[in-house]
Amino acid sequence: MVDRPDLDLLMARAADGDRGAVRLFEERLESIAPAAALLLDVLNPEVLVVSEAGLAAVPGLGAHLRAQVSAHARPAPDRLVAAGSFGLDILAVAACAGVLDSVFQRPMELRTARAS
């Protein structure tokens, strides 16, 4: 695997197919699956997007995530459990989500406020 804590190196190894590195990411997904299943059970969203570095490195891990979430959800969800598409920039995107939602929901109000 890796000789020091280095996420970029671990992701590179996983992307290259290093079984030990991939297994670490599988274990991370297994640890978050119960929480993801709880969100599906309680909030009942149409789509649950999970952002995890391993999914950015090895997109095939999405099937492992869905299987783990299905094993914990009651009943097994028909809803989509998807990997986030923002990769490692997810924190910056998430920080802006509220602002972007306002702009997309009411674009003319923003334009009118600027003109005043």
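1. A polar contact is a pair of N or O atoms within 3.5 Å; within protein, one must be able to donate a hydrogen and the other to accept it, and residues adjacent in sequence count only if both atoms are side-chain atoms. At the start of H1, a side-chain oxygen of Asp-6 lies within 3.1 Å of the backbone nitrogen of Asp-8.

2. The model is predicted: local features need pLDDT of at least 70 and side-chain atom pairs pLDDT 80 or more, while totals for chains, interfaces and linings use all residues. Residues are numbered from 1 along each chain as its sequence is written, and side-chain values use heavy atoms, with hydrogens and water left out.

3. The protein has 6 helices and 2 strands (DSSP runs, numbered from the N terminus: helices are H or I of at least four residues, strands E of at least two). Their pattern along the sequence is α-α-β-α-α-β-α-α.

4. Of the 116 residues, 26% are buried (under 20% relative accessible area; exposed is over 50%, partly exposed in between; 1.4 Å probe, protein chains only).

5. In helix H1 (residues 7-15), the buried residues are Leu-9, Leu-10, Met-11 and Ala-14. The buried residues of H1 pack against H2 and helix H3 (53-57), a contact being heavy atoms within 4.5 Å. After H1 comes Gly-17, with a positive phi near 95°.

6. Leu-38 belongs to helix H2 (residues 19-43). Leu-38 counts as exposed because its relative accessibility is 53%.
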